[in-house]
Amino acid sequence: KSTLLRTLAGFQPWFAGDIQIGGRSLNVLHPKEVARIMSFVSTENIRVPNLSVFDLVAYGRFPYTNWIGMLQPNDRSVILEAIRNVGLQGFENRPVMHISDGERQRAMIARALAQDTPVIILDEPTAYLDVSNKYEIFHLLQILANEKKKTVVLSTHDLNIALREVDKLWIVTENGNYEGAPEDAVLTGWLNQLFGNKHVEFDEKEGEFFFKKEFREKVKAEGEGLPLMWTLRALNRKGYQIVMQAQPDFRIEVKSDKWLLHRNNETAKFDSIYQLLAFLE
C-alpha cells in the first residue's frame, strides 16, 4: 500500500502505465506544480530536536515561498488556520518531540492543510494511535472532504472504522480489484476475500470482521434492548452458539439489571455479564 501511495504522489517511478492529474501525466509536471496539487502525510515519526509545531506545519508553505523560503504574512495566516482546523491551537510553540502521537499526527495533517492542495494522500494516518484518536483523525478527514472539498486518499488497517466512515473503497486482491461504496462491497461479497485466513470472516449484518470459533454449547437468550444485544455479543465471543428455534443446552433471561440462567430446572441469578460468563467458565 505504501509503495502504491508513494508512486501516486510521485516520490518513486512506476514500471508500467501512467499516472495523470487533470489529464496530464505526472511525469511532465514540475515538482513544484505537483506540490501545489498533492500533499502527502506519512506514518514517519518526526524526531527533530527544537522543531516546533508551527515550524513543522510551516513546511507545507514551501511551494508558495520565494527562493529563500521566506514566509509572508499570508503564509503565517494559512499556517495558524491549519493548526486551528486540526484542534492544535495553543500548541504552536510546543516542540514536536514533546507532544503525543495523536497530536503529532494532527500536526502532520495540518502541514498538508497549510500546503493547500486539492488532493491529500495519507499512508496509514491512524497507525499507532489509540481508539479515540483513530476516530478523531477519521472525523477530521471527513470534515476536510465534506466541508473543505478536499480529495482524501488513504490506506488503513482499521477496516471496521473505514467501513463506517469512508465514501469509496479500493480493494486489491489476487482475484481482482474492487472500487466503489463500502456498502456495495459488503453486498457483493468482496470483504470476505480480503483475508486468506479461514478463521476470519466478515459479518454482513453487523458490518464487522470476526474470528470464527468452535461452538461450545447452544444457548437461547431472551430479553430486549441494549442489555440483550451486549449479552449476545459476549456469549458469541466466548464461543456459545445462539439459537432461536433449536433446542438449547441452557437459557438466559436478560432483565434491565440482572441475568437469569436456566439449566436443568435450576436458576442462577447474576448482576452483570461478567459474573454470568465467569459462572459459565
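**View 1. Val86 and the residues around it.** In this predicted model, Val86 is in contact (heavy atoms within 4.5 Å) with Arg106, Ile109, Ala110, Leu113 and Leu140, leaving aside its neighbours within four places in sequence. Residues are numbered from 1 along each chain as its sequence is written, and side-chain values use heavy atoms, with hydrogens and water left out. Because the model is predicted, local features need pLDDT of at least 70 and side-chain atom pairs count only at pLDDT 80 or more, while totals for chains, interfaces and linings use all residues.

**View 2. The largest nonpolar core.** Here we meet a set of buried Ala, Val, Leu, Ile, Met, Phe, Trp, Tyr and Cys residues joined through side-chain atoms within 4.5 Å; buried means under 20% relative accessible area, exposed over 50% and partly exposed in between, with a 1.4 Å probe and protein chains only. This core has 31 residues, and those with the most contacts inside it include Val53, Val57, Ile83, Val86 and Ile120. Two or more residues each come from helix 3 (53-58), helix 4 (73-85), helix 5 (101-115), strand 4 (119-123) and helix 6 (131-146). Helices (H or I, at least four residues) and strands (E, at least two) are DSSP runs, numbered from the N terminus. Helix 5 gives the largest share, seven residues. Another core, of 16 residues, lies apart from this one, with Leu228, Leu235, Ala268 and Leu280 among its members.

**View 3. Helix 5 beside helix 6.** The two axes (lines fitted to C-alpha atoms, for helices over the stretch in contact, with angles from 0 to 180 degrees between N-to-C directions) come within 10 Å and cross at roughly 15°. Helix 5 and helix 6 are therefore roughly parallel, a term for angles under 35 degrees.

**View 4. Helix 9 packed against helix 10.** Helix 9 (residues 225-237) and helix 10 (residues 273-280) pack at about 30°, with axes 11 Å apart. That makes helix 9 roughly parallel to helix 10. Trp230, Thr231, Ala234, Leu235 and Arg237 in helix 9 meet Ile273, Leu276, Leu277 and Leu280 in helix 10.

**View 5. Arg94 in its loop.** Look for Arg94 between helix 4 and helix 5. Arg94 counts as partly exposed, at 34% relative accessibility. Ser52 is 42 residues away in sequence, yet 5.4 Å away in space, C-alpha to C-alpha.

Conventions: Angles under 35 degrees count as roughly parallel, over 145 as roughly antiparallel, 65 to 115 as roughly perpendicular and the rest as oblique.
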